[in-house]
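Okay, thanks for coming, everyone. Let me put the structure up, and then I'll walk you through a few parts of it.

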Amino acid sequence: MLDQTIGQIRPLDGAAMAAARDRQARLTKPPGSLGALEELSVRLAGLAGACPPPLPEPAAVAVFAGDHGVHAQGVSPWPQEVTAQMVANFLSGGAVVNALARQVGATVTVIDVGVAATLDPNPALVIAKVRPGTRDLTVEPALTRTEVLAALDVGITTAGRLIDGGAGVLVTGDMGIANTTPAAALIAAFTGADPATVTGRGTGIDDETLARKTKLVATALAVHRPDSADPVGVLAAVGGCEHAALAGFMLAAAARRVPVIVDGVIALSAALAAVALCPDALGALVAGHRSVEPGASVALAHLGLEPVLSLGMRLGEGTGALLAVPVVAGAVRVLQEVATFDSAGVTEK
């Protein structure tokens, strides 16, 4: 499924992007006055291969949930059971991601790709468990290559199902206690950044725990020496089930030429893997916000993405990306609906 998906991904359409830039220059506003919205609309036209592109709506959030063996090393003050408890909260509609999804009219799909517990059946829950939590990445590879490929397939399948169901824009979501530790390791592996530069406080750890977490990330990288030229190997060595699933989710969106709004540090670490697997997948990615997790800014810089919002957030779940949904839609609506100087009879400068 991975090879087939990558084979369908194409570069952004240059002719559509040129047409979008030309139209932006003729709209009834000073050139460049909408700042980053203008270039965003151009990229979305290139992705769709049309000017103007279709409105990116409705939105669909996929929250991929998984647990992590490295939790046993004391990298988080939260017990591992919270992952399963938060999945139940998502399913009952009581989490922040649910509230913000209701605000923008998005659906929320929860996927158990690696939770270390048996979850109760629920019509809103997709059980696609690759394994019940990863292995401890500081001791052995977190996943096998076969498990990574299975998790990538979960993400690809999820994206396809949501797009076939009518979604016009996908939103990345995640849940997994301790998952900022593998995220930091992934970002360091793909960018070459120092572990101390990319490791953050996650859910709010103290200085002592941060020092231990940073050392563990460095240890994992030293033990496995992941090669960024082998993205599946990197995900196997230091990734998580949800990280791999998110990478597949993004690749499938790119293959279907549907934009995917990327959330915080977990999703950005997965985006690095997706782009390493297929550089042209970058064209489908919109950075929803700038997380305060330090690895997020490193990943954004490496990908060359400018985030839509910067609100000092670090929750995950897809929350920052959801807040960006109306802005992304607004960029397209301007291109679709604003009159040109000629059509409106407005004198140009």
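So, to start: which residues does serine 269 touch, not counting residues up to four places away in sequence? They are Ala183, Leu186, Ile187 and His243, where contact means heavy atoms within 4.5 Å.

Quick housekeeping before I go on. This is a predicted model, where local features need pLDDT of at least 70 and side-chain atom pairs count only at pLDDT 80 or more, while totals for chains, interfaces and linings use all residues. Residues are numbered from 1 along each chain as its sequence is written, and side-chain values use heavy atoms, with hydrogens and water left out.

Back to serine 269. It sits in helix 12, residues 265-277. Helices here are DSSP runs of H or I with at least four residues, strands are runs of E with at least two, and both are numbered from the N terminus. Serine 269 counts as buried because its relative accessibility is 0%. For the cut-offs, buried is under 20% relative accessible area, exposed is over 50%, and partly exposed is in between, with a 1.4 Å probe and protein chains only.

And what about the rest of helix 12? Of its 13 residues, 12 are buried, so the helix is largely enclosed by the rest of the structure. The buried ones include Val265, Ile266, Leu268, Leu272 and Leu277. The expected span, by the way, is 1.5 Å times one less than the number of residues.

His243, one of the contacts of serine 269, brings me to helix 11, residues 241-255. Helix 11 has 15 residues and reaches 21 Å from first C-alpha to last, close to the expected 21 Å. Here 15 of the 15 residues are buried, so helix 11 is largely enclosed too. After helix 11 comes arginine 257, with a positive phi near 60°.

Now the strands. Strand 1, residues 59-66, has eight of its eight residues buried, so it is largely enclosed by the rest of the structure. In a regular strand the side chains alternate between the two faces of the sheet. In strand 1, Ala59, Val61, Val63 and Ala65 point one way, Ala60, Ala62, Phe64 and Gly66 point the other way, and all are buried.

Which strands does strand 1 pair with? One of them is strand 4, in the parallel sense over seven bridges, where pairing takes at least two DSSP bridges between the strands. The other partner I'll show is strand 2, residues 107-114, which runs parallel to strand 1 and is joined to it by seven bridges. Alanine 60 is a handy landmark: it stands opposite leucine 170 in strand 4 and opposite threonine 107 in strand 2. Further along, alanine 65 stands opposite aspartate 112 in strand 2.

Strand 2 is mostly covered, with six of its eight residues buried. Strand 2 also runs parallel to strand 3, residues 125-127, with three bridges joining them. There, isoleucine 111 stands opposite valine 126. Is valine 126 buried or partly exposed? It's partly exposed, because its relative accessible area is 24%. Valine 126 touches Thr109, Val110, Ile111, Asp112 and Arg161, leaving out residues up to four places away in sequence.

The largest pocket holds about 490 Å³ of space. Of the 28 residues lining the largest pocket, the closest to its centre are Asn179, Gly202, Thr203, Arg314 and Leu315. A pocket is an open set of points on a 1 Å grid over the protein atoms alone, where a 1.4 Å probe fits, with protein on both sides within 12 Å along at least five of seven lines; lining residues have an atom within 4 Å of a point. The volume is the space filled by probe spheres set on the points, which are joined across faces, edges and corners.

Helix 12 turns up again here: helix 12, helix 4 (81-92) and strand 4 (169-175) each supply at least two residues of that lining. By class, the lining of the largest pocket has 11 nonpolar, 10 polar and seven charged residues. Nonpolar covers Ala, Val, Leu, Ile, Met, Phe, Trp, Tyr, Cys and Pro, charged covers Asp, Glu, Lys and Arg, and the others, Gly among them, are polar.
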